[in-house]
Amino acid sequence: MDTSFVEIYRPADQQELSVLKPLLEARGIRYYVTNENFNSIFPVAGVGEMRLMVEQERAQECIDLLRDA
């Protein structure tokens, strides 16, 4: 199965990301975060921005979930 992922959000920092992850995990949503480790080591604005990526077919569901949270 080939699943495409799309960006739905750019967390500001690790703290914000730590709030978002459990919301997605509780609903069984597959996701990954680009530059997550780089950002924790070198947290300079605009450099290595984190990007929350989710399965394309569940993107709107995730956007609604984050908006309501």
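Which strands does α1 lie across? Helix α1 lies across β1, β2 and β3, and runs at about 160 degrees to β2. Axes here are lines fitted to C-alpha atoms, for helices over the stretch in contact, and angles run from 0 to 180 degrees between N-to-C directions.

## Basis of the report

This is a predicted model, in which local features need pLDDT of at least 70 and side-chain atom pairs count only at pLDDT 80 or more, while totals for chains, interfaces and linings use all residues. Residues are numbered from 1 along each chain as its sequence is written, and side-chain values use heavy atoms, with hydrogens and water left out.

The mean pLDDT of the chain (the predictor's confidence in each residue, from 0 to 100) is 86, and 81% of the residues reach 70 or more. Where pLDDT is low, the predicted coordinates should not be read in detail. Helices (H or I, at least four residues) and strands (E, at least two) are DSSP runs, numbered from the N terminus.

## The sheet

The chain has an open sheet of 3 strands in the order β1-β3-β2, with antiparallel pairing. Because β1 and β2 (31–34) stand at the edges with a single partner strand each, one side of each is left without a neighbour in the sheet. The twist averages 35 degrees from one strand to the next. Two strands pair if DSSP finds at least two bridges between them. Strands β1 and β3 run antiparallel and are joined by 4 bridges, with Val6 opposite Val54 in β3. Strands β2 and β3 also pair in the antiparallel sense, over 4 bridges, and Thr34 stands opposite Arg51 in β3.

Strand β3 is largely enclosed by the rest of the structure, because 4 of its 5 residues are buried. Buried means under 20% relative accessible area, exposed over 50%, and partly exposed in between (1.4 Å probe, protein chains only).

Glu55 lies in strand β3 and counts as buried, at 6% relative accessibility. Contact means heavy atoms within 4.5 Å. Leaving aside neighbours within four places in sequence, Glu55 is in contact with Thr3, Ser4, Phe5 and Arg30.

Arg51 is also in strand β3, but Arg51 is partly exposed, with a relative accessible area of 26%. Not counting residues up to four places away in sequence, Arg51 touches Glu7, Tyr9, Arg10, Pro11, Tyr32, Val33 and Thr34. Arg51 and Ala12 are 39 residues apart in sequence, and their C-alpha atoms are 9.5 Å apart in space.

## Helix α3

Helix α3 packs on the sheet, where it touches β1 and β3, and its direction makes about 15 degrees with that of β1. Which residues of α3 are buried? They are Ala59, Cys62, Leu65 and Leu66. Seen down the axis of α3, the buried residues fall within an arc of 125 degrees, so they line one face of the helix; the arc is that of the directions from the helix axis to the C-beta atoms. These buried residues pack against β1 (5–9), α1 and β3. The face turned away from the buried side of α3 carries the exposed residues Arg67 and Asp68.

## The nonpolar core

A nonpolar core is a set of buried Ala, Val, Leu, Ile, Met, Phe, Trp, Tyr and Cys residues joined through side-chain atoms within 4.5 Å. The largest one has 13 residues, of which Ile8, Leu24, Ile29, Leu52, Val54 and Cys62 touch the most other members. Two or more residues come from each of α1 (14–26), β3 (51–55) and α3 (59–68), and α3 gives the most, with 4 residues. Leaving aside neighbours within four places in sequence, Leu24 is in contact with Ile29, Tyr31, Leu52, Cys62 and Leu65.

## A positive phi

Asn35 is placed in the loop between β2 and α2. Its phi is near 60 degrees, a positive value in a residue other than glycine. Most residues other than glycine have a negative phi. Asn35 is partly exposed, with a relative accessible area of 35%.
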